[in-house]
Amino acid sequence: ALKDIPGVPQYVEHCLVEVEPGKVDDTQMYRQKIYNSTQGIYRTHVRLVLKPRARPLHEFRTRKELVKALRDIVLIEEHQVLHRDCSLNNSMIEDIEGGSRGALIDWEFAARITSDDMYSAGGTGTIPFMSISALKDMGKLNYQYSEGMKSVKERKLATDHSTIQKMPKIRHTYHDDLESMFYVFGWICIMFKGPMGEERCLEDVDRDPDNMEMWLTERWHGTPDEVRQKAEAKHYFFQGDSMKACIGEQFAPYFQKLVPLAEEWYDLMREKRMKVEFDEVVSLFDKHINALPDEEDSDELSKKAKRLGDGKEGEDDPSK
């Protein structure tokens, strides 16, 4: 289903990882089976060789390349296949002849779109980038599991390795994946200083102590036990009257030119109650891509290259 789709890596070869000669690394050896939980899935440790080679999305070279890559990733989703884990670490940039394009890796939990939009709960996203709907559904499953585990019978069933448990399902649509890409975009613009993966230390950012909203990335990030709270935080982000201002206030200086794109995307999702369509998002990207220069001031790239050349990568930089 994914063969020859631009932006999807192609399989070359694989090997099974062995913990000792003849013994393949399998989570069944050390993971207790938990009823109605993704932890009940057994996995085999496999190393894959894929092509082509790509770089992480946050190692973009210009603002235009970043926005084009985001658009390319959105276009991948139009092929009637859900990725179901659109996140920062799965978003890449592939260098091709004449330029680059966005790509997605880690298609382990991808699925063809079904008529009922119901899929296994296993592998449903990475919490900071999960949609509000997916977080709510995972929260319901967590609650049902905790209630079920109150009985002795359920606790016994949970640790019974001989009993095959059926993985619960949750609803997931392309709207969820499109929403995830908004969080990926926002995460990059807050957590990085600029191109080439230059990280930003939020603790060192000079902010007005009388007007300090929690960083959006802190609102979105959480543990599996906090999915319901994270859903509420994201819901408030889109429905709270004062939250839109956080975009311009929290984006790093380098990304201020992308605030209009972020705010228009925000408005679109808020207006459509997160049910935006591919053509709406792609049209928004195209509008801003056309307004961005192909080349830009290379100071950020030059400073990055100099630090790498001098062996000073990772040292404190006065610019935030």
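Predicted model: local features only at pLDDT ≥ 70, side-chain atom pairs only at ≥ 80, totals over all residues.
Close-up 1. Strands in a sheet pair through backbone hydrogen bonds, in either a parallel or an antiparallel way.

**Close-up 2. Strand 7 beside strand 8.** Strand 7 covers residues 91-96. Six bridges join strand 7 to strand 8, and the two run antiparallel. E94 stands opposite R101 in strand 8.

**Close-up 3. Helix 1 against helix 4.** Two numbers describe a pair of packed helices: the angle between their axes and the distance between those axes. For helix 1 and helix 4 (residues 174-191), the angle is about 160° and the axes lie 11 Å apart. An angle over 145 degrees counts as roughly antiparallel, so helix 1 and helix 4 are roughly antiparallel to each other. Their crossing is right-handed.

**Close-up 4. Side by side: the residues between helix 1 and helix 4.** Helix 1 brings L66, L70, I73 and V74. Helix 4 meets them with L178, M181, F185 and I188. The residues of this contact divide into eight nonpolar, no polar and no charged.

**Close-up 5. R71 in helix 1.** Helix 1 spans residues 63-76, and R71 sits within that stretch. R71 counts as buried because its relative accessibility is 18%, and the cut-off for buried is under 20%. Leaving out residues up to four places away in sequence, R71 touches V282, F285, D286 and I289.

Conventions: Residues numbered from 1 in each chain as written. Heavy atoms only, no water. Helix = DSSP H or I, 4+ residues; strand = E, 2+ residues; numbered from the N terminus. Buried < 20%, exposed > 50% of the residue type's maximum accessible area, 1.4 Å probe, protein only. Contact = heavy atoms within 4.5 Å. Axes fitted to C-alpha atoms, helices over the stretch in contact; angles between N-to-C directions. Parallel < 35°, antiparallel > 145°, perpendicular 65-115°, else oblique. Left-handed = near helix turned anticlockwise from the far one by under 90°. Nonpolar A, V, L, I, M, F, W, Y, C, P; charged D, E, K, R; others polar. Pairing = 2+ DSSP bridges.
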